[in-house]
Amino acid sequence: MITRFLLQNMDKRGGIFLAILLGSAVLVPLSNLLLPASSPFHVPTSTLSLWGKYLCYALLAVSLDLVWGYCGILSLGHGAFFALGGYAMGMYLMRQIGSRGVYGNPILPDFMVFLNWQELPWYWWGFSSFPFAMLMVLAVPGLLAFVFGWFAFRSRVTGVYLSIITQALTYALLLAFFRNDMGFGGNNGLTDFKDILGFNIQAQATRAALFSLTCIMLAAGFLIARGIVVSKLGKVVTAIRDAESRTRFLGYRVDRFKLFVFTVSACMAGVAGALYVPQVGIINPSEFAPANSIETVIWVAVGGRGTLVGAALGAVVVNWAKTLFTSGFMAPYWLFALGGLFVVVTLFLPKGILGTAEAIWARRRKPDSTPAAEPAPAE
Amino acid sequence: MSLFHRLKHALVILVALVAASVASIAQTADEAFTRLAADSYSDTSRAIEILVSSAHPNAALIVEALNDGRLLAGPGGVAVKTAAGGFVDARTGQALPAAPVDMKPVRLNNAVRRAVQAALGGLGLLNPDPAKRTAAAEAVFKSRDAGLLPIVEAAIGKETNPRALAALRQAQAAILIAKPDTQPLDRFAAIEVLRERADQDALATLRALPGDATPALKDAQAKAIATIEGRLKLWAAAQNLWYGLSLGSVLLLAAIGLAITFGVMGVINMAHGEMVMLGAYTTFVVQELIRNHAPWLFDWSLAIALPAAFVVAGAVGIAIERGVIRFLYGRPLETLLATWGISLILQQAVRTAFGPTNREVGAPSFMSGAFELGGLAITYNRLWIIVFAALVFAALLAILKLTPMGLQMRAVTQNRRMASAMGIRTGRIDALTFGLGSGVAGLAGVALSQIDNVSPNLGQSYIIDSFMVVVFGGVGNLWGTVVGAMTLGVANKLLEPYAGAVLGKIALLVCIILFIQKRPRGLFALKGRAVEA
């Protein structure tokens with residue numbers, strides 16, 4: 001029944017997206033593990049990890065699109081939820097190192113030994129258990145989003161003001177996590193992981209499995225988001241985006257709808273962070289930087305706001321371009337390109353790549369009729 | 001007995017006394033020179049004490065020579081090698097015809113050096129320059145050297161300069177406190193003197209009261225210490241307040257341009273910090289030009305940089321407004337993204353042109369240095385920045401309230417369509433407002449170049465704080481920005497001693513987030529229909 005709920009109203013572009021994701025989840029790891037390196041269809045492990053990272057970003061972008069594209073909440077602090085999920089995963093991975101650390105302490109991670117700490121702080125308790133850590137991946141960002149959103153939406157903080165305080169939120173967390181006393185590794189963050197669920201984290205098979213899992217989680221995240229936006233609840237959420245006061249006057253509790261969407265989105269971002277950490281091998285406070293969160297917004301804007309598929313597409317395209325740009329002689333010009341992208345997309349592509357492409361496609365197919373214009377998302 | 005007899009008797013006694021005292025001076029001096037000639041460390045230290053406490057006329061000469069290793073001693077007497085290279089008899093001060101034979105320099109160790117320093121302090125008390133006397137008294141105050149008490153008391157008797165006199169009295173009090181055999185009455189007086197001085201050193205001196213003092217004295221000491229600690233706490237709070245005002249004025253400078261653009265146009269300009277950075281780099285370029293072509297103008301470099309920075313930042317601002325922002329009116333969130341993109345481009349442009357490292361901007365002479373006001377240490381650059389922030393604020397207020405352009409700006413802020421209907425070219429006002437806001441950011445950059453690193457990231461470090469100020473103060477009212485900036489600055493600095501710099505800042509951010517819940521549109525919110533627009 002749940003499957004039917006999730007798959008109902010699945011449109012063509014969502015179907016293609018899901019097919020590609022699930023296909024990659026199976027085929028890419030297989031090609032990486034089974035084909036010889038000489039084969040033209042072989043996917044090298046480095047590429048696999050890189051694309052795994054892109055897909056984590058894509059999940060983050062989908063979660064942001066859910067709140068920004070469909071609910072009109074421009075969160076400039078979604079990176080905070082991503083990083084919190086990442087830290088929860090990182091804490092589990094740190095505990096798995098055990099006595100293999102530089103100082104060989106079976107309980108305390110290296111940085112705590114270095115700081116002369118005697119025992120594990122209470123908020124590290126339980127992170128040696130994988131299920132508990134996974135619960136925290138969802139619960140910590142979700143709880144933060146719930147508390148923050150409860151305050152913000154109840155008092156009707158909207159628009160630019162909300163954007164700025166979400167930015168303040170992630171900035172405050174950035175400052176906090178930079179402190180050594182916080183017990184999260186300070187400046188260096190958490191790194192030097194050894195294994196996950198008993199599998200060596202560096203092993204090719206583990207990486208392939210992580211990639212596969214990322215594809216599946218992105219598909220799941222997309223299905224949940226899609227399920228929300230096509231449901232009746234999703235209609236109300238869209239109504240809030242387009243005319244918040246009017247929806248409130250119609251009798252809907254606007255703050256509750258917003259809170260629900262915001263919290264779900266934060267949990268999704270937390271999952272993205274948790275998948276990101278084992279594939280990248282490090283989590284540090286720079287993930288909280290406000291610039292990262294703003295960059296996430298541009299992925300969504302580039303791909304197409306309010307399309308979900310577009311958000312994922314934007315994340316992959318922008319990050320792929322970033323890798324391309326920053327690895328060669330063009331490295332100094334990446335910021336020019338990124339900055340230019342912000343300006344060009346907002347000025348000329350308000351619907352993003354996907355929206356624009358579909359508009360062109362629709363016009364070509366039915367040259368005589370005007371495209372069924374969806375109402376442009378209001379601010 | 002007749003009067004005459006009595007007088008004669010008295011005279012005889014007097015003569016005898018004078019003769020004895022002269023003899024004793026001569027005798028102690030002899031002892032000092034003998035000890036110097038012996039060239040053992042303990043003898044040398046003792047000799048210095050004797051020379052200073054007997055106020056030997058050549059004491060200063062001898063002790064300074066000893067300090068510089070120019071004092072020679074041997075069986076033939078003691079001589080001083082002058083800085084010019086000649087030789088002088090230490091006892092008489094007469095020049096010696098030839099270099100003395102069989103004399104070698106008097107050696108020093110740390111104990112002797114301490115004695116020499118203390119003696120120099122004591123000797124400085126007789127220096128003709130009152131400032132030098134004050135400094136010497138201060139040195140004695142810190143050393144609490146009991147051997148200098150006679151010379152201090154002698155100096156007090158002769159002192160006419162009030163500052164030097166106060167310093168001498170404090171030095172005397174410090175010695176009296178520490179000396180084991182002082183009369184309790186003198187100690188009471190000394191505690192009183194120290195209580196009035198009321199600083200960290202006075203506290204340390206008071207604590208040097210020997211443990212065997214009478215209970216009444218100890219009581220007085222405890223009371224004095226409590227008073228001084230109270231005073232010091234007050235001064236520390238005042239100092240923090242000053243730092244807070246200073247930080248507040250910096251925030252005000254950084255945020256006030258933002259308040260204008262946000263207030264009038266509802267545009268969140270994420271590139272605002274980069275305008276500040278451009279102002280700072282303009283200062284750098286102006287100073288480079290002056291260094292290379294007209295070094296005598298250096299003290300005027302900031303005055304020249306101000307209009308330059310205003311024009312550069314203002315022009316870039318107008319270009320941004322005309323090129324990008326005007327197409328995005330009514331879409332504040334997208335404006336935010338586009339200006340963020342512009343900020344990335346500007347940062348990278350500056351990084352490409354000037355390199356990623358910090359650039360050094362010099363301070364003109366009137367901005368360097370510091371002075372003390374009571375217990376406050378005030379640096380000139382911070383003082384000038386506060387003054388500058390006040391001037392910029394006043395000028396902006398005047399522009400908004402007194403000029404036709406300001407009138408039009410306010411009209412557009414309050415009701416854009418009505419203003420347009422009245423014949424105001426709103427597009428032009430938008431561009432000018434944006435230029436003005438950016439230009440003010442450029443001015444802020446000139447000021448910030450004096451206290452912060454001039455690097456491409458300069459603007460980034462201020463943008464979030466500036467937003468906090470504007471959001472806290474509320475838009476559409478410059479006074480709100482002032483109150484916001486000063487509140488945040490002072491709160492930040494007052495929290496710092498208790499919570500540490502980072503935690504204080506986090507606490508402040510959390511407070512602002514909570515405050516926004518209470519007043520979603522800031523402290524001084526616009527009321528009326530403009531709110532929902």
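This is a predicted model: local features need pLDDT of at least 70, side-chain atom pairs count only at pLDDT 80 or more; totals for chains, interfaces and linings use all residues.
The buried residues of helix H18 in chain B are Tyr462(B), Ile463(B), Asp465(B), Ser466(B), Phe467(B), Met468(B), Val469(B), Val470(B), Val471(B), Phe472(B) and Gly473(B). Here a residue is buried if 20 or more other C-beta atoms, placed from the backbone, lie within 10 Å of its own, exposed if 12 or fewer do, and partly exposed in between. That makes H18(B) mostly covered, with 11 of its 14 residues buried. Helices are DSSP runs of H or I with at least four residues, strands are E runs with at least two, and both are numbered from the N terminus. From its first C-alpha to its last, H18(B) reaches 21 Å, close to the 20 Å expected at 1.5 Å a residue; that expected span is 1.5 Å times one less than the number of residues.

Residues are numbered from 1 along each chain as its sequence is written, and chains are lettered from A and ligands numbered from 1 in the order in which they are written.

Now for where the two chains meet. The contact takes 37 residues from chain A and 34 residues from chain B, and two residues are in contact if their C-beta atoms, placed from the backbone, lie within 7 Å. On the side of chain B that touches chain A, helix H13 (332-354), helix H18 (460-473) and helix H20 (501-518) each supply at least two residues. H13(B) gives the largest share of that side, 14 residues. By class, the side of chain B that touches chain A has 25 nonpolar, 5 polar and 4 charged residues. In this count Ala, Val, Leu, Ile, Met, Phe, Trp, Tyr, Cys and Pro are nonpolar, Asp, Glu, Lys and Arg are charged, and the others, Gly among them, are polar.

What about the inside? A nonpolar core is a set of buried Ala, Val, Leu, Ile, Met, Phe, Trp, Tyr and Cys residues joined through C-beta atoms within 7 Å. The largest one has 198 residues, and Leu59(A), Ala61(A) and Val62(A) have the most contacts inside it. Helix H3 (residues 45-71) of chain A gives the most to this core, with 17 residues. A second, separate core of 58 residues includes Ala59(B), Ala65(B), Val80(B) and Ala164(B).

Phe262(A) sits in helix H11 (residues 254-280) of chain A. It counts as buried because it has 27 C-beta neighbours inside 10 Å. Leaving aside neighbours within four places in sequence, Phe262(A) is in contact with Val67(A), Ile73(A), Ala145(A) and Gly149(A).

Chain B also has an open sheet of 4 strands in the order E3-E2-E1-E4, with antiparallel pairing. Strand E3 (87-89) and strand E4 (104-105) of chain B are at the edges with a single partner strand each, so one side of each has no neighbour in the sheet. Two strands pair if DSSP finds at least two bridges between them.

| Strand pair | Bridges | Sense |
|---|---|---|
| E1(B) and E2(B) | 4 bridges | antiparallel |
| E1(B) and E4(B) | 2 bridges | antiparallel |

A hairpin joins E1(B) to E2(B) through 2 residues. Over in E4(B), Pro105(B) is the bridge partner of Leu72(B).
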